[in-house]
Amino acid sequence: MGERSKPERPRVALFVTCLVNVMRPGIAEATRDLLVAAGCEVDVPLAQTCCGQPAFNSGDEMGGRAMARHQIEALEGYAYVVAPSGSCAGTIRHDYTHTFRDDPVWLRRAEDLAARTHEITSFLVDVMDFQPARTRFDAKATYHDTCSGLRELGVHDQPRRLLESAEGLDLVPLPGSNVCCGFGGTFCVKYPAIANAVVEEKAEAVESTGAAILLGGDLGCLMNMAGKLQRRGSAVRIFHTVEAVAGRLGGPAIGEKP
């Protein structure tokens with residue numbers, strides 16, 4: 001097998017995701033900064049909307065399919081589509097092709113989009129072979145593997161490799177790092193008691209590490225864990241992985257006032 005060739009200044013569509021756009025746009029800014037540093041030409045297509053995951057998760061197949069058609073059209077013409085979320089990238093990669101499995105025309109277009117879509121840390125490491133600039137932040141941190149990124153996209157080593165660029169950040173293992181935090185999209189709405197029990201165990205695991213910072217790759221999961229930790233009176237601060245890699249750990253953490 002020959003060496004993998006690194007794309008030369010690929011044109012990338014940044015798929016911001018609903019939660020990042022509304023709740024923490026700084027994650028999108030950090031994602032864009034890293035893509036530019038990796039040598040990409042970055043666009044933020046204004047026509048993009050929700051990926052349709054809430055509709056698919058709620059059994060609204062027709063609604064999800066309509067949103068899938070919209071994204072497929074909005075994201076055509078780009079070499080890659082990159083999202084700071086394994087959950088939304090996983091929906092585009094897997095749910096779109098599944099929903100159009102009996103429609104040859106749209107299935108072909110969905111498969112084309114799926115092949116071009118990546119979660120941000122996977123894209124930087126696996127596609128761009130990116131080595132981020134060295135930053136410095138002295139703290140003990142731990143890492144939660146979000147379900148969709150890990151199980152649907154195989155994201156595990158990539159964020160840990162990128163975090164090696166943050167000098168002074170002591171990354172310690174999180175017991176049960178691959179166990180769900182209890183968020184699960186609409187799961188926490190449908191089954192709040194179960195979701196609360198799950199995130200309680202996650203918070204206990206985070207606190208057992210003695211880490212001052214918790215990192216992860218999906219804002220929904222991070223907000224869920226931040227809420228539980230704050231209600232427990234924990235001092236653990238929560239950031240998205242790209243914020244750490246981009247040297248943005250000095251600002252307010254998720255759930256903190258600006």
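The structure is a predicted model, in which local features need pLDDT of at least 70, side-chain atom pairs count only at pLDDT 80 or more, and totals for chains, interfaces and linings use all residues. Residues are numbered from 1 along each chain as its sequence is written, and side-chain values use heavy atoms, with hydrogens and water left out. Helices (H or I, at least four residues) and strands (E, at least two) are DSSP runs, numbered from the N terminus.

**Helix H12 and its surroundings**

- H12 has 13 residues and spans 18 Å from its first C-alpha to its last, close to the 18 Å expected at 1.5 Å a residue, where the expected span is 1.5 Å times one less than the number of residues.
- Ten of the 13 residues of H12 are buried, so the helix is largely enclosed by the rest of the structure; buried means under 20% relative accessible area, with a 1.4 Å probe and protein chains only.
- The buried residues of H12 include Leu219, Cys221, Met225 and Leu229, and their cover includes helix H1 (18-23), helix H2 (26-37), H11, strand E7 (213-216) and strand E8 (237-240).
- After H12 comes Gly233, whose phi is positive, near 80°.

**Packing of H11 against H12**

- The axes of helix H11 (residues 192-208) and helix H12 (residues 219-231) come within 9 Å and cross at roughly 75°, axes being lines fitted to C-alpha atoms, for helices over the stretch in contact, and angles running from 0 to 180 degrees between N-to-C directions.
- The two helices, H11 and H12, are therefore roughly perpendicular to each other, a term that covers 65 to 115 degrees.

**The four-stranded sheet**

- An open sheet of four strands has the order E6-E5-E7-E8 with parallel pairing, where two strands pair if DSSP finds at least two bridges between them.
- Strand E6 (166-172) and E8 stand at the edges with a single partner strand each, so one side of each is left without a neighbour in the sheet.
- Strand E5 (residues 135-143) pairs with E7 in the parallel sense over three bridges, and Thr142 stands opposite Leu214 in E7.
- H12 packs on this sheet, touching E7 and E8, and its direction makes about 175° with that of E8.

**Strand E3 and its partners**

- Both faces of strand E3 (residues 80-83) are covered, with Tyr80 and Val82 buried on one side and Val81 and Ala83 buried on the other.
- Strand E1 (residues 11-14) runs parallel to E3 and is joined to E3 by three bridges.

Technical notes:
Parallel < 35°, antiparallel > 145°, perpendicular 65-115°, else oblique. Buried < 20%, exposed > 50% of the residue type's maximum accessible area, 1.4 Å probe, protein only. Contact = heavy atoms within 4.5 Å.
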